[in-house]
Amino acid sequence: MKKYFLNSLVFLIPFLLLSQGREEGFVKTDTIGKQKKIKLIAIPITFYTPETKFGVGGGGQLFLLNKTNQYNQRLSNILFSGIYTTAGQIMFNITPQVYLGKGDYFVDANYLFEIYPNSFWGIGPKTPEENKELYDQTTHKLKLSFLKRLPPDLNFGFTYNFINHQVTEVEEGGLLDSGTILGSDRTVISGLGAEFNLDTRTNTSSPADGQLFEIGAHFSSEILGATHSFNKFTLDLRNYEPLGVRSTLATQVYIENNFGDVPFQGMAFFGGSSSARGYFYGRFLDKNMFVIQAEYRYRLKPRWNLAVFGLVGSVAGDATDLLKFNAIKPGFGAGVRFKILKEQNTWLRLDIGSGKDGQNGIYFGVNEAF
């Protein structure tokens, strides 16, 4: 889940766990068990987001300390969490990330179970606010990736995705109730994919230099049990340019294209805490999307950073319509970051973002948005 939460409340310690803290000592004060080759850390969770309302839960992170399971400063680990929210959502997630052969191979897996009431406005870049309707959905999601490192900085591998979305309740007379939206009752996404990336970042949690260039191709096929056959292609280009001793300019270009019979759950979702701050995650969705964002980061003190950001993006059914002026969605905002531990490069992030037509949000999370 990529990764995308709007947040605005207190925390116990780092939020949601879904892709954070791959290094040893993530939360040293909560180590509840340590042996020669493993280290277990407990992580309580509490948060608030517009999508979830108040949420509470707990989890842990199991580190594998064997040197064959390390790559540079990154440790193999298994992350797990369970969460309940006052919006009636239940989420359980487990994410093993294991390096083999001292980093020559990488196994990245994720299992997610969730019962998730959500909002839907329709498909396209101009869906009106009054279209908003609620629906309930139960999801099982499994992703398995195996990557080979091509020294020094290239990685290539294959992925299997399985996602079962069961829509359990919709609003009577709404768009999802009409039966005209693909995926309005049940969607199974099942298929293989390939990933390729060039990663020269010094660290992945709060990069200050280097680049990430990533290309992905994922295919959902009825032959493998999917309810709809479609293809997804993604391009993620990031650059981190130091501007003197204290400043960094971070930029990202993200493009997603889907072809075929794409259910709404498989479309590109615009918004959230990572790619389009200032917009509710999924407020706009369609087959194609682009987001261009830039963020200036300034180190005020050793453990305090300030940031300002801006972005433009859009969604469209036809990729050629992405750049239509009246469909472009701008966003901007600012935020502050605090380093949790002096010796550990893990940061708490608080951002305020604003978008078009009154869209806005407060974002609280761990590490940088990108």
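Start at Gly 193: its bridge partner in β11 is His 218. This is a predicted model, in which local features need pLDDT of at least 70 and side-chain atom pairs count only at pLDDT 80 or more, while totals for chains, interfaces and linings use all residues. Residues are numbered from 1 along each chain as its sequence is written, and side-chain values use heavy atoms, with hydrogens and water left out.

Now widen the view. Strand β10 (residues 186–199) and strand β11 (residues 210–220) run antiparallel, joined by seven bridges. Two strands pair if DSSP finds at least two bridges between them. On β11 goes to strand β12 (residues 230–243), again antiparallel, with 11 bridges. One of the links to β12 pairs Ser 220 with Phe 230. The protein chain has 20 strands and zero helices. Both are DSSP runs numbered from the N terminus: strands (E) have at least two residues, helices (H or I) at least four.

Stay with β11, which holds Ile 215. Is Ile 215 buried, exposed or partly exposed? Ile 215 counts as partly exposed because its relative accessibility is 47%. Buried means under 20% relative accessible area, exposed means over 50%, and partly exposed lies in between (1.4 Å probe, protein chains only).

Compare Gly 59, in strand β3 (residues 53–64). Gly 59 is buried, because its relative accessible area is 17%. Gly 59 and Ser 81 are 22 residues apart in sequence, yet their C-alpha atoms are 3.9 Å apart in space. Of the chain's 370 residues, 51% count as buried.

Of its 20 lining residues, the closest to its centre are Ser 206, Ala 208, Thr 248, Arg 299 and Asn 305. Strands β13 (247–260), β16 (288–301) and β19 (344–355) each supply at least two lining residues. Which strand gives the most to this lining? β16 does, with three residues. A pocket is an open set of points on a 1 Å grid where a 1.4 Å probe fits, with protein on both sides within 12 Å along at least five of seven lines; lining residues have an atom within 4 Å of a point.
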